[in-house]
Amino acid sequence: MSRLIVDAHLDLAMNAIEWNRDLAMPLEHIRLKEMNMKDKPDRGKGTVCLPELRKGKVGFVVATQLARVNPFNSALTGWNSPAQAWAMTQAQLTWYREMEKQGEMVQIVDKRGMDAHIKLWNDETIADETKPVGFLLSLEGADSLVTPDYLYEAYEYGLRAIGLSHFGPGRYADGTKTAGRIHPEGLELMKIMGELRMILDVTHLTDEGFTQAMERYAGPIWASHHNVRKIVPNQRQLNDAQIKQLIERDAVIGGMLDCWAMDIRFIDTVSDPWQLDIRLEMLIDHWDHICQIAGNSLHIGIGSDLDGIFGTEQSPWDMNSIADLQKYTYLLSNKGYTEQDIDNIFHGNWLRFLRNALR
């Protein structure tokens, strides 16, 4: 029997709006539509759509808004002004609203709504393929907030989690592949987040920014999609001291399935998951490491990032779609994880965290 899965990081609206993917359609249809397209590396290789989420019993996700601002003279892609980035996040929000109108998705903004949604997904008398996918809205990188006060408006439309940074230099905090700090504007933003009791996502922060966040933010903190630096030694992953700090704050760390975050040998657009034999099972090594530090399985979960600008060309070779997350029942059991451990990883830890964090 399939277990309910909570996936704490999917860029659904970015795929729908910028990739022009009709995520309500079957995956085979989306792939065929893109078969001769060459504008992005994952064309014809996508792994996520709403039917596949239902097929895999991924009934609740943390879904993002994402629009970065391009620094002057930067090679990174992005929008040329905060106003343009804000407009893109609003287009993404409109897509989520349309999915709600069509009965495909439902937004979760508080504890009561989440508990009702989980009850629906646990009701075996209703077919999973008819149930809406629940989503908690998160902002990946705060660049699009024109000023910190824009956060009040975003909270009103349901934003509940924020990561201050993404890749490279950011308007509020510097991110992956840099060594900068959280900027004064970012510290101001954190004050408003604390006032609203929002979730701070430390994913993509620099090491210095991580330390600042842990010292200065008193509200709920999680790492939505992070792996372990001991296994993949680059700045994007969490080191042991950071993992210990997160455990002390009762945070949950979501394991991600981007091959370069699972195996240090993998190089984007060059390596092949099959040739390097990168399998779903390899993520368990990262979870194991966190469990050994924690002494339990209460601080790990799934934050797959499976649609984060990559597809099957950069995913474990034994995974065709996000529905294959269900394979972890067997894989974890085979590694000695108990039924309770597996429930914790699939949904229990994220739900416990959110019941404490949401109003």
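## The second largest pocket

In this predicted model, the second largest pocket is lined by W19, N20, R21, D22, M25, H29, I30, K33, E34, M37 and R43. Its volume is about 160 Å³. Sorted by class, the lining holds four nonpolar, two polar and five charged residues.

## The largest pocket

The largest pocket has a volume of about 980 Å³. Its lining counts 37 residues. Five of them lie nearest the centre: T77, H166, F167, G308 and I309. By class, the lining splits into 13 nonpolar, 13 polar and 11 charged residues.

Two of these central residues, H166 and I309, are taken up next.

## H166: a loop residue

H166 sits in the loop between β5 (residues 159-163) and α7. Is H166 buried or exposed? Its relative accessible area is 15%. The cut-off for buried is under 20%, so H166 counts as buried.

Which residues does H166 touch, leaving aside neighbours within four places in sequence? The contacts are L66, R68, E140, G141, G175, T176 and H204.

## Two residues with positive phi

Most residues other than glycine have a negative phi. I309 has a positive phi of about 65°, although it is not a glycine. I309 belongs to the loop between β9 (300-302) and α12 (328-334). With a relative accessible area of 42%, I309 is partly exposed. I309 is also among the residues nearest the centre of the largest pocket.

T269 also is not a glycine, and its phi is positive, at about 65°. Where is T269 found? T269 is in the loop between α10 (259-262) and α11 (283-294). Its relative accessibility is 72%. Exposed means over 50%, so T269 counts as exposed.

Helix α8 spans residues 207-216. Which of its residues are buried? They are G209, F210, Q212, A213 and M214.

The helices are α7 (184-196) and α9 (240-248). The strands are β6 (199-201) and β7 (221-222).

## L246 in helix α9

L246 is part of helix α9. Its relative accessibility is 0%, so L246 counts as buried. Setting aside residues up to four places away in sequence, L246 touches V202, F210, M214, I221, A223, L238, A251 and I253. Two of these names, F210 and M214, are also buried residues of α8.

A223 is another of the residues that L246 touches. L246 and A223 are 23 residues apart in sequence. In space, their C-alpha atoms are 8.2 Å apart.

## Helices α5 and α13

Helix α5 covers residues 111-121, and helix α13 covers residues 339-357. Their axes come within 9 Å. How do the two helices run relative to each other? The axes cross at roughly 150°. Angles over 145 degrees count as roughly antiparallel, so α5 and α13 are roughly antiparallel to each other.

Which residues make the contact? From α5 come K111, M114, D115 and I118. From α13 come L351, L354 and R355. By class, the contact has four nonpolar residues, no polar ones and three charged ones.

Note on methods: Residues numbered from 1 in each chain as written. Predicted model: local features only at pLDDT ≥ 70, side-chain atom pairs only at ≥ 80, totals over all residues. Heavy atoms only, no water. Axes fitted to C-alpha atoms, helices over the stretch in contact; angles between N-to-C directions. Helix = DSSP H or I, 4+ residues; strand = E, 2+ residues; numbered from the N terminus. Parallel < 35°, antiparallel > 145°, perpendicular 65-115°, else oblique. Contact = heavy atoms within 4.5 Å. Nonpolar A, V, L, I, M, F, W, Y, C, P; charged D, E, K, R; others polar. 1 Å grid on protein atoms, 1.4 Å probe; cavity = no way out; pocket = protein on both sides within 12 Å on 5 of 7 lines; lining within 4 Å. Points joined across faces, edges and corners; volume = space filled by probe spheres on them. Buried < 20%, exposed > 50% of the residue type's maximum accessible area, 1.4 Å probe, protein only.
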